[in-house]
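Dear colleague,

I am handing over the structure we spoke about, and I would be grateful if you could look through it with the notes that come after it.

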There are 2 protein chains.
Amino acid sequence: MKIDRPREYVIQNLKYAFNPSSIAIVGVSNNPAKFGFQVVHGLRRYRYAGKIFAVNEHEDNVQGLKAYRKLTDIPEPVDMVFIAVRAEKVAPIIQEAIEKKVRIVAIATSDFTETGRDNLQDEITNLCRSNKLPMLGPNLLGIGNPHFGFNCGFAPVLPKKGGVALISQSGSAMLGAMGASQLRHYGLSFFAGLGNKADVDFSEMMLYAMGEPYTRCIAMYIEGLDSPDAFIDACREIVLKKPVVLLKAGSSAQGAKAAFRHSGAKNIGVNNAEFEKIFEMAGAIRVDTWQELLDASLALSMQPPLKNDNVALVTNGGGSGVLSADHFERCGLPMKDLAEISPDLADKMSPHMPSYWSGLNPLDLSGTAAPWQYEIAFQNCFEDDNVSCVMGSVCTTAVTNYSAITSVAITVHERYRHLGKPFVMEMHGGNTCNEAIVELRKHGIPAYPTPEQAVNAVVALRKYARIREKRT
Amino acid sequence: MKIDRPREYVIQNLKYAFNPSSIAIVGVSNNPAKFGFQVVHGLRRYRYAGKIFAVNEHEDNVQGLKAYRKLTDIPEPVDMVFIAVRAEKVAPIIQEAIEKKVRIVAIATSDFTETGRDNLQDEITNLCRSNKLPMLGPNLLGIGNPHFGFNCGFAPVLPKKGGVALISQSGSAMLGAMGASQLRHYGLSFFAGLGNKADVDFSEMMLYAMGEPYTRCIAMYIEGLDSPDAFIDACREIVLKKPVVLLKAGSSAQGAKAAFRHSGAKNIGVNNAEFEKIFEMAGAIRVDTWQELLDASLALSMQPPLKNDNVALVTNGGGSGVLSADHFERCGLPMKDLAEISPDLADKMSPHMPSYWSGLNPLDLSGTAAPWQYEIAFQNCFEDDNVSCVMGSVCTTAVTNYSAITSVAITVHERYRHLGKPFVMEMHGGNTCNEAIVELRKHGIPAYPTPEQAVNAVVALRKYARIREKRT
């Protein structure tokens, strides 16, 4: 539902959604096949440190917890109420929450606007708004914060700790991100599956994220914008401090219909070009695919903006280098010759390189490249004032010491990070590379399994710098 | 080097590169840091069943093998010679190989055209050609065939068995594919890192692959084409039997320079539009990124062509469905409403679906979808004459029984595969999804971790059908 401007009480109370001292779950169940069961299970599994209260109309004891008949029966204060009951029963529970003076409600229940029941959704939204009780959902998958071991909802795993605030109107997309987090250490500061997003607006979530201490990049999956003006104003303010990257889903004809049925997002009639203009004005970085959203946000959460186009690429794989160069051009950031960036750089490195090395850009160290050769190349690039970004690329031949090269990358990054030059890695291979990618990410280096993904990351860092330049 | 037309003796002898009874390695070494060591190690590790002969100028015994001073000292016949010595020493060894009447030579040695030494490369190429000895390389990473446990070169792992023939001018790109094979069961029929590709032409490799019994799809990474006419003629013949998908690298200005330094590919002056025309005439499916090459080739090796645009998408994740719909439109294959495909299909399924299910396309079964609901949906789609392709999508909420859904997908695929309708799956999540993807791939179902990748796979199947229609 539209807002005129971001509401201060919403932004203030959102902290109770991501780090509540106490939480009441309405609709808990003893049946593991029910969502109501999984909420308590998810909280316990990751050792939620606050108090959990169970509310159930019929049972006295659920999942080993004393169950209260009503919210108002709970004898202690409650920060957040999580609701997972049938749609018809939601309004009376919100009424209880208002009486109980809770700080925020999150509604998992579906069957509202997305199935044509606008009235029911408007009713609960108005009820919340007139009582200044912020509401997340309905049709919400879950919320959480890995820094506090807080996993509240239907997500089967808590993601790794990191700097990306993931705000998603889609639960399945969010689950995809959590999967990526488990597989390749995609680190989150907090996550919110907003579902129908009836009350709390994207702008309010973003303003909360701006002040959230773990957040270094805001990533969003958006199906519809209720309040474009509030979005633009908030985003313009935020991007001076933290980058915003987003995926607008439902940009196709069939996708728009599906988005409406999914989250009640009303995009039919608002075309892609209009969204493009909105995001441009807002200063948000727009990506097309889910993978790009993950890859760009990871880099933006770990590395500084890239101030110009002087990217030096160091690789032991000729093919990866060519693929990267092609993709840089495809993305509007064509690579420059090394001599164009810095006339003496190749000569400085040459004595340490194989006779047949390529002093071009990409700098091809050849398939026999040793860790110390990577170190010399990285070092020279970082120390050269004209190089603004270093991208490293490794393919694991039978003689590649990938783990030593990984250590070199981590050491070099520590040594030169004060220079504010982005560093991005690409590791092209199997299990060993995957382990290296995780290791690099743990050390704040965005690392990727294909050349094009690493290039997308560098391009996002460049885009963010351009957005900031425009605003200052 | 250019050829006028594909040479019969080359196509015939290529089988000795992928399944030789005996192999001689020139340049073997006792030092594990040397490529020469790794070749023997790689052959033994995967239990190569043929005979291995070691050739070393100075040693009598290398890696536990009797070492011969010269190729001609070997007392038995040799099918293939693998050469890993300095560039200057290659020509005399080829001379010995000719004397010895071997069937094919593979040259790993670099420092030829890619470092400006055209003469040296031309010399060995002409020597081979005038003696009808096919030559792979120089600057070649390796060749192999998982179906025969044959890993010959510098690849650290042998890929999984499958139906994709991977022909790559880049070693690092090939290593990327092998990594994907290890991580997510990307199955190959054989692989060849061609390097500078001085003698054996892409057209000859492709014609060999056309007759190779394990190959169901030909995937190529190309930096340059020496003989476009031979390529077009061969490809037009092949695509009537097997699909060809390719990535043309070096299509950017900087990429073209890097490609030249990498494999000696001379693309400067030949622009992207010309390549586009060549591939169009040839009937090859062109992709842009490395990931797309892997994803499209996997699908083409497992599933039949898609005869029209009637794709039904079954999902439990609204967001994945929207992302897929958007990407289908982006790829020029917009989704249709379910009613447009088949008027009664939604009604047939409705009794078994939750009240709030979406009878649209994507068919959104909602986050609570049970395995039996997937089964009903898949079944109805397969049995409907108007549906030409079924795409399944699963996101793992806390109540999703992903392993049962995986079993359902495998069972349904077995039951209906005789209908010739492509089936593609998407599993959006973490470790559990990754395991499911591997399981599905083992059963011939191309499965992917993001919606857009699965869509790319379906689009490739549609493109292949269009290419065949044009030719018949």
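This is a predicted model: local features need pLDDT of at least 70, side-chain atom pairs count only at pLDDT 80 or more; totals for chains, interfaces and linings use all residues.

Residues are numbered from 1 along each chain as its sequence is written, chains are lettered from A and ligands numbered from 1 in the order in which they are written, and side-chain values use heavy atoms, with hydrogens and water left out.

**The two copies**

Helices (H or I, at least four residues) and strands (E, at least two) are DSSP runs numbered from the N terminus, and two strands pair if DSSP finds at least two bridges between them. In strand 6 of chain B (residues 104-107), B:I104 and B:A106 point one way and B:V105 and B:I107 the other, and all are buried, that is, under 20% relative accessible area, with exposed over 50% and partly exposed in between (1.4 Å probe, protein chains only). In a regular strand the side chains alternate between the two faces of the sheet.

Strand 6 of chain B pairs in the parallel sense with strand 5 (residues 80-83) of chain B over 4 bridges, and B:F82 stands opposite B:A106. Between strand 5 and strand 6 of chain B the chain passes through helix 4 (residues 90-100) of chain B in a right-handed β-α-β crossover; right-handed means that, with the strands pointing away from the viewer, the path from the first strand over the helix to the second runs clockwise. Strand 6 of chain B is also joined by 2 bridges to strand 7 (residues 135-136) of chain B, and these strands run parallel, with B:M135 as the bridge partner of B:V105. Strand 6, helix 5 (residues 118-130) and strand 7 of chain B make a right-handed β-α-β unit.

**Two open sheets of chain B**

One open sheet has 5 strands in the order 16-15-17-18-19, with parallel pairing. Its edge strands are strand 16 (363-364) and strand 19 (447-448) of chain B, each of which pairs on one side only. Helix 17 (residues 431-442) of chain B packs on this sheet, touching strand 18 (423-428) and strand 19 of chain B, and its direction makes about 165° with that of strand 18; axes are lines fitted to C-alpha atoms, for helices over the stretch in contact, and angles run from 0 to 180 degrees between N-to-C directions.

Another open sheet has 7 strands in the order 9-8-11-10-12-13-14, with mixed pairing. Strand 9 (150-153) and strand 14 (285-287) of chain B stand at its edges with a single partner strand each, so one side of each is left without a neighbour in the sheet. Within this sheet, strand 12 (residues 217-222) and strand 13 (residues 244-248) of chain B pair in the parallel sense over 5 bridges, and B:A219 stands opposite B:V245.

**Two helices**

Helix 17 of chain B has buried residues that include B:C433, B:A436, B:I437 and B:L440. What covers the buried residues of this helix includes helix 6 (171-184) of chain A, as well as helix 11 (290-302) and helix 16 (402-416) of chain B. Just after helix 17, B:G444 takes a positive phi of about 85°.

In helix 5 (residues 118-130) of chain A, the buried residues include A:L120, A:I124, A:L127 and A:C128. They pack against helix 1 (8-13), helix 4 (90-100), strand 6 (104-107) and strand 7 (135-136) of chain A, and A:K132, just after the helix, takes a positive phi of about 50°.

**A loop residue of chain A**

A:D79 lies in the loop between strand 4 (65-68) and strand 5 (80-83) of chain A, and at 10% relative accessibility A:D79 counts as buried. Not counting residues up to four places away in sequence, A:D79 touches residues including A:Y16, A:P20, A:R103 and A:I104.

Conventions:
Contact means heavy atoms within 4.5 Å. The expected span of a helix is 1.5 Å times one less than its number of residues.
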